[in-house]
Amino acid sequence: MSMVKTLWVLVEGLFSKPMTIKFPHEAIEIPDAYRGEHKFDIDRCASCGFCAEICPNKAIEMVKLPEQYTQKYKKTYPRIDLRKCCFCALCQDICVKKCLKMTKNVFLATPDPASLIKDPMPKVQGEE
Amino acid sequence: MSGRNIMTDQMSGKNPTGNEQIEPATDDSTEYDFYFGPAHSGSGNFGVKLKLDGERVISARADPGYLHRGFEKLMEYRTPIQNAVISDRLCVLEPLNWNLVHAEAVDELTGIEVPERARYIRVLMAELSRLQSHIIWYGVMSLGLGFDTGFRLAFGYRDYILDIFELITGGRCYPAGYICDGGVRRDLPEGYAERIKNVLDKIKGFMENIKSFDNLFFANRTKGIGVLKLEDAIRLGATGPVLRASGMKTDVRKDDPYEIYSELDFDVPTEKQGDANARCTVRDREMEESIKIIKQVLDRIPEGKTRKPSRIKRPSRTKIPEGEVYVRNEIARGEACIYMRSVGESAPYRVKVRGPDFLHMIPVLEHLLKGCELADVPAIYWSLNICPADMDR
Amino acid sequence: MAEIPQQRKENKLIEQISSKFEIEGTVQRDRRVWVTTSKDNLIALCRFAKRLGFHHLSAISVTDWPQEKIFELTYHLWSYSARILLTVKTKIDRADPKIDSAIPIFQENAQIHERELHELFGVQFEGNSDLTPLFLEDWDGPPPFRKDFNWRDYVRQKYYDRSNEREKPYWE
Ligand code: SF4
Ligand code: SF4
């Protein structure tokens, strides 16, 4: 009897929709709470350094900006090394100014590891 | 003979033809050493050295250490909220349960009154995590018994629960210390109850299916195999489902209640035989109990705050009051404990993590494998539902 | 059967033990009893506790106190019948960390815990014949979980590959 039922379940499986999806063409929806790549809003940052202090992996370092920006942004700002980051979102939770946000971007695989260091001013490298 | 060669190939990935013979014995001797693991998809990063005589296991010796990351030491350098993130990694398969153990240890030291809503969320997540862990167990157990359909089904259905975790904690596998000291890190999102109920319906369908498989694929491979008698189980330090399958009615959630478990209504399934099949049955029935608990929690969950204090404190401002605690929790695999000693600094002075698998994987496994047939090794191994992560730490 | 109030059970347990041994006992909360005893009494106390129903050795832990020059050992015992966790604490000399093994009482369960602690703290459990390392292969440093072991220096000396540019930011 159970044999029949098992066979039934297995045959049923042949005709039901697959549980997987064809990834590059479609993707499952990522919820808003997802902890992906960081987004940093430099204009709101108070340079308090709390994010660097709480990061369990010491992935955040407070750095000075290059010359051309020091006029406007005099203090130090967080540089995030995504190679060390474990995406725990503690930096987002502790930031009083809400300028560090985790986005839904999960496509971080890259052949160039250096590109995973997020400078506070993203344009810097491109301009040189 | 060829059957054995295939097994060897699959399990150790090593050349089975004679190279493994460490001590070349006399010509007519059939004794040889056999490596089960440490690089196999099901065994985890863990090996067992078996001494075989023909097809019979004479003795077994566990070979742990492939996953040792020194968490106990790491935790001495970090504050509780950072440790909560680390406590995820104590077991890949049930991070939320370990989050809860850690959070409770810190709560008991600081004496913070956790908000009511947070307590409910904690139990909700812990039970979902237990359910998810049991489903993985079903998957690897089927894989071990050569029933690939069960493996694929289980991992497919597990992903529905991972969707819930993603929705609530922001990560599929690792919740990043979602359950932290003082409560939980963020409130439940909108529409969570419907999503969870939908998933539970799907899981129920899955459980019906696996019940119909049981007789065909499980029973004849597991009945009477790896019998663990009750007195052996207690002596060897078995806990959780393994102990319950040997006939002891005990559950930390009932005997030493934590969070809101004393207010919830659920059974503790036990079996008498103590064999691999009994362990499977106990887990099957535990899944049903977990679903029962989740439903009750969803019905009763109150409104209110989710963490006290609501903001995360800077490490330099945190302080754990002096003291020492020992908390026990029931996780999917058994009894999980943390001993925490604090001297009033921002980081704990000493943390001792006691995982259930430390005893299941070394003394219990060695005891059960002794004298069994080689073909039964996977059935025994996976019926214990072991994972090296919380043993090696 | 009339249930004895939980708190009274714990107080009774302390009374029972202190009638036989010299201990300092406290009831921390429901189901948690902590007693401190001397090194010589430990095994006898554990045996007595087992007779009272504490069959399950949940864990053994060591805490290192380099300043006081002691190791503090804690044995966590659980009773399935009384539903109490009894923690037995004792202190041993850090320079000569020797203590009798609990194998005669808790057999394999104690054996494996002691094996772990021997590796991580260097405590000698006398009477335990199998203290081979569990986790660390080819380890030549001091026991790694002691407080005075500087893991950063050790790793830097032993594993830092100076020719590898990518490791620089971690160590320089
Ligand atoms: S990102 Fe936020 S936490 Fe970090 S320095 Fe700026 S204001 Fe402070
Ligand atoms: S997400 Fe966590 S690990 Fe990553 S930078 Fe922020 S605090 Fe550090």
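**Figure 1. Chain C and its radius of gyration.** In this predicted model, chain C has a radius of gyration of 20 Å, while a compact globule of 172 residues would come in near 16 Å.

**Figure 2. How chain C is put together.** Chain C has five helices and seven strands. Follow the sequence and the elements of chain C run α-β-β-α-β-β-β-β-α-β-α-α. Take the contacts in chain C between residues at least 6 apart in sequence: 48% of them join residues at least 24 apart.

**Figure 3. The surface and charges of chain C.** About 8800 Å² of chain C is accessible surface, and carbon and sulfur atoms own 47% of that. As for charges, chain C carries 26 positive and 28 negative ones.

**Figure 4. Helix H5 of chain B, end to end.** This helix covers residues 116-144 of chain B, 29 residues in total. At 1.5 Å a residue, H5(B) should span 42 Å, and that agrees with its end C-alpha atoms, which are 42 Å apart. Because 27 of its 29 residues are buried, H5(B) is largely enclosed by the rest of the structure. After H5(B) comes Gly146(B), with a positive phi near 80 degrees.

**Figure 5. Ala89(A), a positive phi in a loop of chain A.** Ala89(A) isn't a glycine, yet its phi is positive, about 70 degrees. Look for Ala89(A) in the loop that links strand E3 (76-81) to helix H4 (90-94) of chain A. Its relative accessible area is 1%, and with the cut-off for buried set at under 20%, Ala89(A) counts as buried.

**Figure 6. Arg83(C), a positive phi in a loop of chain C.** Here's another residue other than glycine with a positive phi: Arg83(C), near 60 degrees. Arg83(C) belongs to the loop between strand E4 (70-78) and strand E5 (85-93) of chain C. The relative accessibility of Arg83(C) is 34%, so this residue goes down as partly exposed, a label for values between the 20% and 50% cut-offs.

Methods
Residues numbered from 1 in each chain as written. Chains lettered and ligands numbered in written order. Predicted model: local features only at pLDDT ≥ 70, side-chain atom pairs only at ≥ 80, totals over all residues. Heavy atoms only, no water. Helix = DSSP H or I, 4+ residues; strand = E, 2+ residues; numbered from the N terminus. Rg over C-alpha atoms; globule rule 2.2 N^0.38 Å. Contact = heavy atoms within 4.5 Å. Areas by Shrake-Rupley, 256 points an atom, 1.4 Å probe, with all protein chains shown as cover. Lys, Arg positive; Asp, Glu negative; His and termini not counted. Charge placed at Lys NZ, Arg CZ, Asp CG, Glu CD. Expected span 1.5 Å × (residues − 1). Buried < 20%, exposed > 50% of the residue type's maximum accessible area, 1.4 Å probe, protein only.
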